[in-house]
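Please look at the sequence and the structure shown below. The paragraphs that follow lead through a few selected places, one after another.

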Amino acid sequence: MRCSVLLLLLLCSGGVHAQQDAPPDIAFDRPGIGFAASTLPRGGVALEAGLPSFSRDRDDAGVLSTQYSADINLRIGLAEHLELQAFTSPWNHLRVAPRDTPAERSHGAGDVGIGLKVALPLSSEKHAVALLASTTFATGSRDFSEGATQYALGASYEYDFNDRWTGALYANVTRGGSEDSITWAPSVSFAATDTVSTYLEVGFTEAHGEPSTRIAGAGVTWMVAPTVQLDASFDVGLDDGSPDTQAGIGISVYFQ
(Lines give C-alpha, C1' and ligand atoms only; values in the text may rest on other atoms or scores of the structure.)
Protein backbone atom coordinates (compact mmCIF):
# COMPACT_ATOMS: atom_id res chain seq x y z
CA MET A 1 0.00 0.00 0.00
CA ARG A 2 2.91 2.39 0.68
CA CYS A 3 4.00 1.85 -2.93
CA SER A 4 0.57 3.02 -4.12
CA VAL A 5 0.63 6.13 -1.92
CA LEU A 6 4.10 7.08 -3.16
CA LEU A 7 3.04 6.58 -6.76
CA LEU A 8 -0.03 8.77 -6.22
CA LEU A 9 2.11 11.59 -4.85
CA LEU A 10 4.52 11.36 -7.78
CA LEU A 11 1.70 11.37 -10.32
CA CYS A 12 -0.05 14.32 -8.72
CA SER A 13 3.15 16.40 -8.55
CA GLY A 14 3.94 15.52 -12.15
CA GLY A 15 0.40 16.29 -13.23
CA VAL A 16 0.65 19.87 -11.96
CA HIS A 17 3.68 20.43 -14.19
CA ALA A 18 2.04 18.66 -17.14
CA GLN A 19 -0.97 20.99 -17.20
CA GLN A 20 0.92 23.64 -19.17
CA ASP A 21 0.06 23.70 -22.89
CA ALA A 22 -2.08 20.57 -22.57
CA PRO A 23 -3.16 19.05 -25.90
CA PRO A 24 -6.90 18.61 -26.46
CA ASP A 25 -8.88 15.40 -26.25
CA ILE A 26 -6.50 13.15 -24.31
CA ALA A 27 -8.08 9.69 -24.00
CA PHE A 28 -6.72 7.35 -21.34
CA ASP A 29 -6.98 3.56 -21.56
CA ARG A 30 -8.24 3.08 -18.01
CA PRO A 31 -10.64 2.25 -16.52
CA GLY A 32 -12.76 -0.51 -18.03
CA ILE A 33 -12.21 -3.82 -19.81
CA GLY A 34 -11.17 -2.33 -23.14
CA PHE A 35 -8.94 0.55 -24.19
CA ALA A 36 -9.39 3.91 -25.92
CA ALA A 37 -9.65 3.78 -29.71
CA SER A 38 -7.00 6.49 -30.07
CA THR A 39 -3.28 7.01 -29.51
CA LEU A 40 -1.22 9.71 -27.84
CA PRO A 41 0.33 12.53 -29.89
CA ARG A 42 3.91 12.04 -31.00
CA GLY A 43 6.24 12.67 -28.05
CA GLY A 44 3.42 12.50 -25.52
CA VAL A 45 3.74 10.28 -22.44
CA ALA A 46 0.96 8.99 -20.18
CA LEU A 47 1.28 7.08 -16.92
CA GLU A 48 -1.85 5.23 -15.79
CA ALA A 49 -2.00 3.48 -12.42
CA GLY A 50 -4.41 1.55 -10.23
CA LEU A 51 -4.27 2.56 -6.57
CA PRO A 52 -5.04 -0.32 -6.23
CA SER A 53 -7.47 -2.68 -7.96
CA PHE A 54 -9.37 -5.26 -5.92
CA SER A 55 -10.73 -8.73 -6.66
CA ARG A 56 -12.73 -11.06 -4.43
CA ASP A 57 -14.06 -14.55 -5.17
CA ARG A 58 -15.40 -17.56 -3.26
CA ASP A 59 -15.23 -20.87 -5.15
CA ASP A 60 -17.45 -23.94 -4.91
CA ALA A 61 -15.27 -25.38 -2.11
CA GLY A 62 -15.77 -22.27 0.00
CA VAL A 63 -12.24 -20.92 -0.50
CA LEU A 64 -12.27 -17.12 -0.34
CA SER A 65 -9.58 -15.36 -2.39
CA THR A 66 -8.95 -11.63 -2.06
CA GLN A 67 -6.33 -9.83 -4.14
CA TYR A 68 -5.07 -6.24 -4.33
CA SER A 69 -2.94 -5.12 -7.29
CA ALA A 70 -1.20 -1.87 -8.19
CA ASP A 71 -1.26 -1.90 -11.99
CA ILE A 72 0.88 0.49 -14.05
CA ASN A 73 0.68 1.24 -17.78
CA LEU A 74 3.22 3.55 -19.45
CA ARG A 75 2.22 4.90 -22.89
CA ILE A 76 4.57 6.77 -25.24
CA GLY A 77 3.51 8.40 -28.51
CA LEU A 78 6.01 7.30 -31.18
CA ALA A 79 4.36 8.83 -34.25
CA GLU A 80 0.97 9.92 -35.49
CA HIS A 81 -1.45 7.03 -34.80
CA LEU A 82 1.28 4.89 -33.15
CA GLU A 83 2.27 4.43 -29.52
CA LEU A 84 4.41 2.11 -27.40
CA GLN A 85 3.12 0.67 -24.15
CA ALA A 86 4.84 -1.02 -21.20
CA PHE A 87 2.85 -2.45 -18.33
CA THR A 88 3.23 -4.41 -15.10
CA SER A 89 1.88 -4.72 -11.56
CA PRO A 90 4.85 -4.14 -9.22
CA TRP A 91 2.84 -4.78 -6.05
CA ASN A 92 0.28 -7.51 -5.38
CA HIS A 93 -1.20 -8.94 -2.20
CA LEU A 94 -3.17 -12.18 -2.16
CA ARG A 95 -5.11 -13.66 0.75
CA VAL A 96 -6.50 -17.19 0.37
CA ALA A 97 -8.81 -18.37 3.14
CA PRO A 98 -10.08 -21.98 2.91
CA ARG A 99 -13.14 -22.72 5.00
CA ASP A 100 -12.24 -23.59 8.64
CA THR A 101 -8.52 -23.20 7.84
CA PRO A 102 -6.13 -20.33 8.62
CA ALA A 103 -5.68 -17.93 5.74
CA GLU A 104 -2.50 -17.85 3.66
CA ARG A 105 -0.99 -14.60 2.37
CA SER A 106 1.50 -13.87 -0.37
CA HIS A 107 3.09 -10.78 -1.90
CA GLY A 108 4.96 -10.18 -5.13
CA ALA A 109 5.21 -8.53 -8.51
CA GLY A 110 3.25 -9.47 -11.59
CA ASP A 111 4.41 -10.11 -15.15
CA VAL A 112 5.91 -7.43 -17.39
CA GLY A 113 4.57 -6.71 -20.87
CA ILE A 114 5.08 -4.45 -23.88
CA GLY A 115 2.73 -3.53 -26.70
CA LEU A 116 2.23 -1.45 -29.82
CA LYS A 117 -1.02 0.41 -30.36
CA VAL A 118 -2.14 1.66 -33.77
CA ALA A 119 -5.10 3.97 -34.40
CA LEU A 120 -6.52 3.50 -37.89
CA PRO A 121 -7.02 6.74 -39.86
CA LEU A 122 -10.71 7.10 -40.75
CA SER A 123 -12.53 9.72 -42.77
CA SER A 124 -15.43 10.06 -40.29
CA GLU A 125 -14.93 11.69 -36.89
CA LYS A 126 -17.83 9.68 -35.48
CA HIS A 127 -15.91 6.41 -35.84
CA ALA A 128 -12.61 5.39 -34.22
CA VAL A 129 -10.69 2.10 -34.37
CA ALA A 130 -7.44 1.06 -32.68
CA LEU A 131 -5.46 -2.19 -32.54
CA LEU A 132 -3.15 -3.23 -29.69
CA ALA A 133 -0.63 -6.08 -30.10
CA SER A 134 1.16 -7.05 -26.89
CA THR A 135 3.46 -9.63 -25.34
CA THR A 136 3.53 -10.44 -21.64
CA PHE A 137 6.60 -12.15 -20.19
CA ALA A 138 6.40 -14.54 -17.22
CA THR A 139 8.64 -12.48 -14.94
CA GLY A 140 6.32 -12.25 -11.95
CA SER A 141 6.16 -14.07 -8.65
CA ARG A 142 4.60 -17.53 -8.68
CA ASP A 143 1.18 -16.47 -7.40
CA PHE A 144 0.97 -13.47 -9.74
CA SER A 145 2.37 -14.81 -13.01
CA GLU A 146 0.72 -16.52 -15.99
CA GLY A 147 3.66 -18.93 -15.98
CA ALA A 148 4.32 -18.58 -19.73
CA THR A 149 4.78 -15.89 -22.34
CA GLN A 150 1.42 -14.53 -23.48
CA TYR A 151 0.62 -12.98 -26.87
CA ALA A 152 -2.47 -10.83 -27.35
CA LEU A 153 -4.16 -8.87 -30.11
CA GLY A 154 -6.95 -6.50 -29.14
CA ALA A 155 -9.23 -4.19 -31.10
CA SER A 156 -11.39 -1.30 -29.93
CA TYR A 157 -14.14 0.41 -31.93
CA GLU A 158 -15.93 3.56 -30.79
CA TYR A 159 -18.90 5.40 -32.27
CA ASP A 160 -20.04 8.86 -31.13
CA PHE A 161 -23.83 8.99 -31.15
CA ASN A 162 -23.70 12.67 -30.20
CA ASP A 163 -21.73 15.03 -27.96
CA ARG A 164 -22.74 13.08 -24.83
CA TRP A 165 -23.16 9.41 -25.74
CA THR A 166 -20.53 7.02 -27.10
CA GLY A 167 -20.77 3.30 -27.78
CA ALA A 168 -17.77 0.96 -27.91
CA LEU A 169 -16.97 -2.65 -28.72
CA TYR A 170 -13.75 -4.33 -27.54
CA ALA A 171 -12.39 -7.72 -28.60
CA ASN A 172 -9.16 -9.49 -27.63
CA VAL A 173 -7.49 -12.81 -28.44
CA THR A 174 -4.78 -14.16 -26.11
CA ARG A 175 -2.47 -17.12 -26.71
CA GLY A 176 0.10 -18.50 -24.30
CA GLY A 177 1.23 -21.88 -23.08
CA SER A 178 -1.66 -24.31 -23.45
CA GLU A 179 -4.37 -21.70 -22.85
CA ASP A 180 -6.13 -19.62 -25.51
CA SER A 181 -8.88 -17.14 -24.68
CA ILE A 182 -11.20 -14.74 -26.46
CA THR A 183 -12.73 -11.72 -24.74
CA TRP A 184 -15.27 -9.27 -26.06
CA ALA A 185 -16.99 -6.42 -24.28
CA PRO A 186 -19.59 -3.87 -25.41
CA SER A 187 -19.95 -0.64 -23.45
CA VAL A 188 -21.69 2.71 -23.50
CA SER A 189 -20.44 5.94 -21.94
CA PHE A 190 -22.12 9.23 -21.08
CA ALA A 191 -20.39 12.60 -20.65
CA ALA A 192 -22.33 14.08 -17.74
CA THR A 193 -20.27 17.29 -17.82
CA ASP A 194 -17.17 18.53 -19.61
CA THR A 195 -15.01 16.78 -16.97
CA VAL A 196 -17.10 13.88 -15.60
CA SER A 197 -18.11 10.77 -17.56
CA THR A 198 -19.70 7.46 -16.63
CA TYR A 199 -19.93 4.14 -18.42
CA LEU A 200 -21.62 0.74 -18.31
CA GLU A 201 -19.98 -2.44 -19.62
CA VAL A 202 -20.37 -6.19 -19.90
CA GLY A 203 -17.56 -8.63 -20.64
CA PHE A 204 -17.48 -12.19 -21.93
CA THR A 205 -14.44 -14.50 -21.97
CA GLU A 206 -14.15 -17.96 -23.47
CA ALA A 207 -10.97 -19.89 -22.58
CA HIS A 208 -9.83 -23.27 -23.83
CA GLY A 209 -10.20 -25.83 -21.06
CA GLU A 210 -11.48 -23.25 -18.56
CA PRO A 211 -14.99 -22.13 -17.52
CA SER A 212 -16.32 -19.15 -19.43
CA THR A 213 -16.73 -15.90 -17.51
CA ARG A 214 -19.33 -13.15 -17.66
CA ILE A 215 -19.07 -9.86 -15.82
CA ALA A 216 -20.93 -6.55 -15.80
CA GLY A 217 -20.04 -3.25 -14.25
CA ALA A 218 -19.77 0.50 -14.36
CA GLY A 219 -17.32 3.29 -13.71
CA VAL A 220 -16.77 7.02 -13.53
CA THR A 221 -13.93 9.29 -14.66
CA TRP A 222 -13.17 12.83 -13.55
CA MET A 223 -10.72 15.12 -15.35
CA VAL A 224 -9.50 17.11 -12.36
CA ALA A 225 -7.13 18.96 -14.73
CA PRO A 226 -6.66 18.95 -18.51
CA THR A 227 -3.97 16.25 -18.13
CA VAL A 228 -5.03 14.44 -14.94
CA GLN A 229 -7.85 11.92 -14.65
CA LEU A 230 -9.17 10.15 -11.57
CA ASP A 231 -11.30 7.02 -11.97
CA ALA A 232 -13.35 4.51 -10.00
CA SER A 233 -14.93 1.32 -11.30
CA PHE A 234 -16.45 -1.99 -10.32
CA ASP A 235 -17.55 -5.26 -11.95
CA VAL A 236 -19.59 -8.18 -10.63
CA GLY A 237 -19.54 -11.79 -11.80
CA LEU A 238 -22.60 -13.12 -13.60
CA ASP A 239 -21.71 -16.82 -13.38
CA ASP A 240 -19.82 -19.27 -11.16
CA GLY A 241 -16.62 -19.04 -13.18
CA SER A 242 -16.25 -15.26 -12.75
CA PRO A 243 -14.81 -13.34 -9.78
CA ASP A 244 -17.61 -12.28 -7.46
CA THR A 245 -16.44 -8.67 -7.27
CA GLN A 246 -13.79 -6.55 -8.94
CA ALA A 247 -13.24 -2.87 -8.19
CA GLY A 248 -10.60 -0.22 -8.27
CA ILE A 249 -9.58 3.40 -8.19
CA GLY A 250 -6.88 4.95 -10.31
CA ILE A 251 -5.13 8.00 -11.65
CA SER A 252 -3.84 8.82 -15.13
CA VAL A 253 -1.50 11.67 -15.99
CA TYR A 254 -0.38 12.97 -19.39
CA PHE A 255 3.09 14.52 -19.75
CA GLN A 256 3.89 16.65 -22.76
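This is a predicted model: local features need pLDDT of at least 70, side-chain atom pairs count only at pLDDT 80 or more; totals for chains, interfaces and linings use all residues.

**From the surface to the aromatic pairs**

Val 118, Leu 120, Leu 122, Leu 131 and Leu 153 together make a nonpolar surface patch of about 380 Å². One member of the patch, Leu 120, belongs to strand β5, which covers residues 112-120. With a relative accessible area of 37%, Leu 120 is partly exposed.

Leaving aside residues up to four places away in sequence, Ser 89 touches Ala 70, Asp 71, Ala 109, Gly 110 and Asp 111.

The aromatic rings come next. A pair of such rings is described by the distance of the centres and the angle of the planes. The whole structure contains five aromatic pairs. One of them is formed by Phe 54 and Tyr 68, a tilted pair with 5.3 Å centre to centre and 50° between the planes. Because Phe 54 lies in strand β1 (residues 45-58) and Tyr 68 in strand β2 (residues 64-79), the pair ties together parts that are 14 residues apart in sequence. Phe 54 is partly exposed at 22% relative accessibility, and Tyr 68 is partly exposed at 31%.

In the pair of Trp 165 and Phe 190, the ring centres are 4.7 Å apart and the planes stand at 40°, so this pair is tilted. Trp 165 lies in strand β8 (residues 165-176) and Phe 190 in strand β9 (residues 179-191), so parts 25 residues apart in sequence are tied together. Trp 165 is partly exposed, with a relative accessible area of 39%, and Phe 190 is partly exposed with 28%.

Notes:
Residues are numbered from 1 along each chain as its sequence is written. Side-chain values use heavy atoms; hydrogens and water are left out. Contact means heavy atoms within 4.5 Å. Patches are made of residues with over 30% relative accessible area and no salt bridge: like charges are joined within 9 Å, nonpolar side chains (Val, Leu, Ile, Met, Phe, Trp, Tyr) within 5 Å. Accessible areas come from the Shrake-Rupley method with a 1.4 Å probe; for residues, only the protein chains shown count as cover. A salt bridge is a side-chain nitrogen of Lys or Arg within 4 Å of a carboxyl oxygen of Asp or Glu. Helices (H or I, at least four residues) and strands (E, at least two) are DSSP runs, numbered from the N terminus. Buried means under 20% relative accessible area, exposed over 50%, partly exposed in between (1.4 Å probe, protein chains only). Rings of Phe, Tyr and Trp (its six-membered ring) pair if their centres lie within 6.5 Å; planes under 30 degrees apart count as stacked, over 60 as edge-to-face and the rest as tilted.
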